[in-house]
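Subject: Structure handover

Hello,

Here is the structure I promised to pass on. Please open it and keep it beside this email as you read.

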Amino acid sequence: MSISSSRRSRDRDWLPSPIDLSEELRKYIGKQVSYATHGIHRYPAKFIPQIPRFCLESYSRVGDDVLDPFMGSGTTLLESYILGRNSYGVDVHPLARMIAKVKITPLDPAPLDSLASDLLARINADEDDNSAWIPEIPNRDHWFRPEVLADLATIKKHVWGTRKGDHQDFFKICFSSIIRKMSNSDADSLIPEVTSFRKKLDEQGKTSFDSIGRFGNAVRNKLIDVEELWRISQDVEEEYRTVPVVKIIGKDAREIQLDTSEIDLAITSPPYASAVHYVSVHKLEMHWLGLLGDMAKLDGQIVGTSRAYADVYGPWKPKTDIPELRQVLGGLIEKEKKSAYIVYKYFEDMRRNFAEMNRVLKRSGRYCMVAGENTFRKVKIPTYAILARIALRSGFEVKAVYAYDVINRHLDIPRWNNSRIERDHILVFRRKKAPAHDTL
Ligand SMILES: C[S@@+](CC[C@H](N)C(=O)[O-])C[C@H]1O[C@@H](n2cnc3c(N)ncnc32)[C@H](O)[C@@H]1O
């Protein structure tokens, strides 16, 4: 992507002037942002593939090793693969790891197509009572109608009856992709919610509860995506004469399972303090997939969690050398100490991530991070600026800043649902020395 038409504008004095990419990025819509398997499943706060692509083209070469420590649905990994880079991903969320795995695994469409036809035929012919396949879901009848529960159970029985492996994972993702649509939840709300608007649509007969038909459509549509990825994978092999490594390597961006100095380039869009409740967004899908173990435990491992306990934040005293963070904490503590602690904890977790990235990146390796501003309890948080300050304290220098307007239509689930994020920055850090601080 060229940045020739970019305009430059002054931002914070101590940061390089941002180069504006809005015009460049505005061009990409519809299929251009969901080609191949990019759109295989919805996921909150995805970035459009053109963002990692821009970073990959600007800061890496074919054969380099690329890491996304907050991988989400795997956008960076798929783009890296297409451009002949090896890539590694880390995410704490089990559904993110499953989506990413399916997204990055090229499958020969012919055998998959025939398995899909057999699977759909078996599902359509099944008239048994399969209620034993309905998982335990708190408030189950609030979320699903009896006929939907029965049909989803039948689909589940047959998908789980296929042989374990890549094909089964593909069918599981197809199954997962229809769960929210088949539930009583409003389709547009970030967190599942049974709204009066949705109830009205149901009463007017404007919603469909044909789960088996929906599943068939999902399988057929996603087969087209898989076919495109397969074609791309043939081109990748031919062009680069090797198959790039694509691997999901762990669960925690604060403790990365890689040796020292292994990575040439890292690209990520990290979570924000209390912005998206990642566990709730996909809780219905996770119940059906059997992925939701201890919900509280998972929530506690999420960077940016709003879970905080009085015995921890009670004795905590806000202390930081970062001026922007001091101001934010001051504003929040006036309202509620817990909120101030949540934000502090978020930035402390991000500091731990920077320390890890310093360790795993090669000398002069780049770390590209997408971040904007958000508001929490009506306090504006210049997240990107605070992250840049933390990066400087963690042994990085800021090599460049790009900025662009975030446009809702690019994303399955808007980024600014709970807290507004309208302009994002791509911060490009370069590893320079060992971290100078181990506190904020
Ligand atoms: C903004 S999303 C990334 C979206 C991704 N760029 C995409 O295109 O799908 C941030 C991700 O960080 C993950 N995350 C939160 N805490 C984490 C942790 N401790 N370690 C690794 N990943 C974490 C969340 O589960 C979420 O998937």
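What share of the contacts in the protein chain with a separation of 6 or more comes from residues 24 or more positions apart? They account for 75%. Two residues are in contact if their C-beta atoms, placed from the backbone, lie within 7 Å.

Two notes before the rest. This is a predicted model: local features need pLDDT of at least 70, side-chain atom pairs count only at pLDDT 80 or more, and totals for chains, interfaces and linings use all residues. Residues are numbered from 1 along each chain, as its sequence is written.

**Overall build**

The protein chain has 17 helices and 10 strands. Both are DSSP runs, numbered from the N terminus: helices are H or I with at least four residues, strands are E with at least two. The radius of gyration of the protein chain is 22 Å, close to the 22 Å from the globule rule for 440 residues, so the chain is as compact as a globular protein of that length. That radius is taken over C-alpha atoms, and the rule is 2.2 Å times the number of residues to the power 0.38. Along the principal axes, the C-alpha atoms fill a box of roughly 65 × 55 × 40 Å.

Of the 440 residues, 46% count as buried. A residue is buried if 20 or more other C-beta atoms lie within 10 Å of its own, exposed if 12 or fewer, and partly exposed in between; the C-beta atoms are placed from the backbone.

**The sheet**

Eight strands form an open sheet with mixed pairing, in the order β1-β9-β10-β6-β5-β2-β3-β4. The edge strands are β1 (19-20) and β4 (246-250), and each pairs on one side only. Two strands pair if DSSP finds at least two bridges between them.

Start with β5 (residues 263-268). Six of its six residues are buried, so the strand is largely enclosed by the rest of the structure. Five bridges join β5 to β6 (residues 361-372), and the two run parallel. There, Leu265 has Arg366 in β6 as its bridge partner. Two bridges join β5 to β2 (residues 65-68), also in parallel. Leu67 stands opposite Ala266 in β5.

Next, β2. Both of its faces are covered: Asp65 and Leu67 on one side, Val66 and Asp68 on the other, are all buried. In a regular strand the side chains alternate between the two faces of the sheet. Four bridges join β2 to β3 (residues 86-90), which run parallel. Val66 stands opposite Ser87 in β3.

Asp20 has Ala403 in β9 as its bridge partner.

**The core**

The largest nonpolar core has 118 residues. Such a core is a set of buried Ala, Val, Leu, Ile, Met, Phe, Trp, Tyr and Cys residues joined through C-beta atoms within 7 Å. Ile99, Ala266, Val343, Phe347, Cys368, Leu387 and Leu427 touch the most other members. Helix α16 (residues 337-360) gives the most to this core, with 11 residues.

Look at Leu427. Leaving aside neighbours within four places in sequence, Leu427 is in contact with Met369, Ala371, Tyr384, Leu387, Ala388, Val398 and Val401.

Now find Ile386, in helix α17 (residues 383-393). Ile386 is buried, with 26 other C-beta atoms within 10 Å. Beyond four places in sequence, Ile386 is in contact with Ile322, Glu324, Leu325 and Phe347.

Helix α3 (residues 75-82) is mostly covered, with eight of its eight residues buried. Thr75 is one of them. Gly84 follows α3 and has a positive phi, near 75 degrees.

Most residues other than glycine have a negative phi. Ala36 has a positive phi of about 50 degrees. Ala36 lies in the loop between α1 (22-26) and α2 (50-59). Is Ala36 buried or exposed? With 23 C-beta neighbours inside 10 Å, Ala36 counts as buried.

Lys378 has a positive phi too, near 65 degrees. Its loop runs between β7 (374-376) and β8 (379-381). Lys378 is exposed, with 8 other C-beta atoms within 10 Å.

Best wishes
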